[in-house]
Amino acid sequence: MRLVKISEYNHHTMVLAKPIYDSKRRILLAAGRTIIPKIKIRLQQMGIRFLFIEDEVSKGIHIDDLIDMPTWTESIGVVATFHNRVNSGLTPDLQELQQVVKKLIDEVKSRPILILIPASTMPKELQFYAHTVNVAILSLITAKKMNYIERKLHDLALGCLLHDIGKMITDQYEKHPEIGFNYLRNLSQFSVVSAHIAYQHHETMDGKGFPRGLEGDDFLEMAQICGVANYYDNLIAQDQLPPHDAMEAIMASADQLYKHSIINAFRQSVPTYPPGTKVMVNGEEAIVTQINKHLQRPIVKVLSNNKELDLAELPTMMIYPN
Ligand SMILES: [Fe+2]
Ligand SMILES: [Fe+2]
């Protein structure tokens, strides 16, 4: 299985490896199907930009042990319902959201490596919610690396799932952190720390963030973690950068926007080349088949001769984007 841009999809050589959902999270096309050109255009109109496919090149590549797809889509559903209720002025179900938080923490704890499913594998109506789930997952894997205890992981994930809740209440972008904070801190039984994550997720160490322009590491570490995760997911989802380019940008932000220790933990938790990525290895085209011992040094298969190379064992071999 591998992830391809929908524009690269070829119905002669590829079949779907994961189902495609509509805006109500109902299965639109099941795994195993091919997509004829007419349908492909419709999917593109729905805002879907990436597909999980199976083809000759991707044979033997498994990502199922790197993320639980049902957990991901269910989380998106709960988060969507929560946001919609806030948007309509109704009382949201916090307990349901706490269950999602627990599930996501279990996911992150049980998997040595986790990969991100791009929000743009979903129709555009769901992409905002997929974004918040991704921000929560990225934050949790970073915090796990930083040895956070369960209670803190919980506050962090909850704050991340609701970091943009202010957008449901105001159309003024610069105001969403503060309005979100005011909403959350008045919610009964809601953690104050989680509310502050929403308040501070656009602050940066250089003082150029908003709404308060806080300087130095004067703001919550958890808000910084959420900020990094938010920045990364936006680079992928909105700016459409490939993971390795997004990671470069994140690394360049160390000590400028976010604390070095957080960037380091992030880099050591998020794979630069997820399985299924086409890469170049010492001048030859190859595909990442597995991440085993080293996050930055995966196992690759050279396309010309199907030979597998474990880059963790071959330190002199160069890997770079294709
Ligand atoms: Fe935001
Ligand atoms: Fe965001």
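This is a predicted model: local features need pLDDT of at least 70, side-chain atom pairs count only at pLDDT 80 or more; totals for chains, interfaces and linings use all residues.
Residues are numbered from 1 along each chain as its sequence is written, while chains are lettered from A and ligands numbered from 1 in the order in which they are written.

**Exercise 1.** Work out the strand order of the open sheet.

Solution. 
- Start with the terms. Strands (E, at least two residues) and helices (H or I, at least four) are DSSP runs, numbered from the N terminus. Two strands pair if DSSP finds at least two bridges between them.
- Five strands line up as S9-S8-S7-S6-S10, with antiparallel pairing.
- Now find the edges. Strand S9 (308–310) and strand S10 (319–321) each pair on one side only.
- Look at one pair. Strand S8 (residues 297–302) joins S9 through three bridges, in the antiparallel sense. Ile 299 has Asp 310 in S9 as its bridge partner.

**Exercise 2.** Is Thr 170 buried or exposed, or in between?

Solution. 
- Locate Thr 170. The loop between helix H5 (150–161) and helix H6 (176–185) holds Thr 170.
- Recall the cut-offs. A residue is buried with 20 or more other C-beta atoms within 10 Å of its own, exposed with 12 or fewer, and partly exposed in between; C-beta atoms are placed from the backbone.
- Apply them. Thr 170 is partly exposed because 14 other C-beta atoms lie within 10 Å.

**Exercise 3.** Describe the span that UniProt marks as "domain: HD-GYP".

Solution. 
- The unreviewed UniProt entry places this feature at residues 86–282.
- Residues 86–282 are 54% helix and 2% strand, and their end C-alpha atoms lie 52 Å apart.

Terms used
UniProt positions are given in the numbering used here, feature names are shortened, and annotations may be inferred rather than shown by experiment.
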